[in-house]
Amino acid sequence: MKSTSSKSELVLANLGLVEMVVMGDKVQSLPQTIEQKHLLHIGYEALCKAAENYSGKPGAAFEIYAYMCIEDTLTAALERSNMASA
């Protein structure tokens, strides 16, 4: 089990991933029904959740795991928002 301090370190060291995903092709290709500041907030929450759930197994880099978690969370939020506004 990771300590709160090591989870915080993972989050702080990878804050840039959130903006990278928000500005990435996959997220930008979807209709933007959520303001960017809200996408960033959703992304930061996903990063924190990724740090909570990360197993730290050898061969599983946190950056890759977190990137996928953030991207999946943002994509799902945009798809839900797009369906609600249709």
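Biologist: Buried means under 20% relative accessible area, exposed means over 50%, and partly exposed is in between. Which of these is Tyr65?
Modeller: This is a predicted model. In it, Tyr65 has a relative accessible area of 29%, so it is partly exposed.

Biologist: And Tyr54, buried or exposed?
Modeller: Tyr54 is buried, because its relative accessible area is 12%.

Biologist: How are the rings of Tyr54 and Phe62 arranged?
Modeller: The count of aromatic pairs comes to 2. One of them is Tyr54 with Phe62, an edge-to-face pair with 5.1 Å from centre to centre and 75 degrees between the planes. Both of these residues are buried.

Biologist: Why is the pair of Tyr54 and Tyr65 called tilted?
Modeller: Its planes are at 35 degrees, so the pair is tilted, and the ring centres are 5.8 Å apart. Planes under 30 degrees apart would count as stacked and over 60 as edge-to-face.

Biologist: What parts does that pair tie together?
Modeller: Tyr54 is in the loop between helix 4 and helix 5, while Tyr65 is in helix 5, so the pair ties together parts 11 residues apart in sequence. Through ring pairs, Tyr54, Phe62 and Tyr65 are linked into a cluster.

Biologist: Let's zoom out. How many helices and strands are there?
Modeller: The protein chain has 5 helices and 0 strands. Read from the N terminus, the elements run α-α-α-α-α.

Biologist: What does the C-alpha trace span?
Modeller: About 45 × 20 × 20 Å along its principal axes. Of the 86 residues in the chain, 36% are buried.

Biologist: How much of the contacts comes from residues 24 or more positions apart?
Modeller: Such residues account for 69% of the contacts with a separation of 6 or more.

Biologist: How many positive and negative side chains are there?
Modeller: There are 7 positive and 10 negative side chains, and the centres of the two sets lie 8 Å apart.

Biologist: Back to single residues. Where is Asn82, and what does it touch?
Modeller: Asn82 sits in helix 5, residues 62-85. Leaving out residues up to four places away in sequence, Asn82 touches Pro31 and Thr33. Its side chain reaches the backbone oxygen of Pro31 at 3.5 Å.

Biologist: Is Asn82 buried or exposed?
Modeller: Asn82 has a relative accessible area of 17%, so it is buried.

Biologist: What about His38, where is that?
Modeller: His38 is in helix 4, residues 36-53. At 41% relative accessibility, His38 counts as partly exposed.

Biologist: How far apart are His38 and Leu74?
Modeller: They are 36 residues apart in sequence and 10.0 Å apart in space, from C-alpha to C-alpha.

How values were computed:
Residues are numbered from 1 along each chain as its sequence is written. This is a predicted model: local features need pLDDT of at least 70, side-chain atom pairs count only at pLDDT 80 or more; totals for chains, interfaces and linings use all residues. Side-chain values use heavy atoms; hydrogens and water are left out. Helices (H or I, at least four residues) and strands (E, at least two) are DSSP runs, numbered from the N terminus. Buried means under 20% relative accessible area, exposed over 50%, partly exposed in between (1.4 Å probe, protein chains only). A polar contact is a pair of N or O atoms within 3.5 Å; within protein, one must be able to donate a hydrogen and the other to accept it, and residues adjacent in sequence count only if both atoms are side-chain atoms. Contact means heavy atoms within 4.5 Å. Lys and Arg count as positive and Asp and Glu as negative; His and the chain ends are not counted. The place of a charge is taken as NZ of Lys, CZ of Arg, CG of Asp or CD of Glu. Rings of Phe, Tyr and Trp (its six-membered ring) pair if their centres lie within 6.5 Å; planes under 30 degrees apart count as stacked, over 60 as edge-to-face and the rest as tilted.
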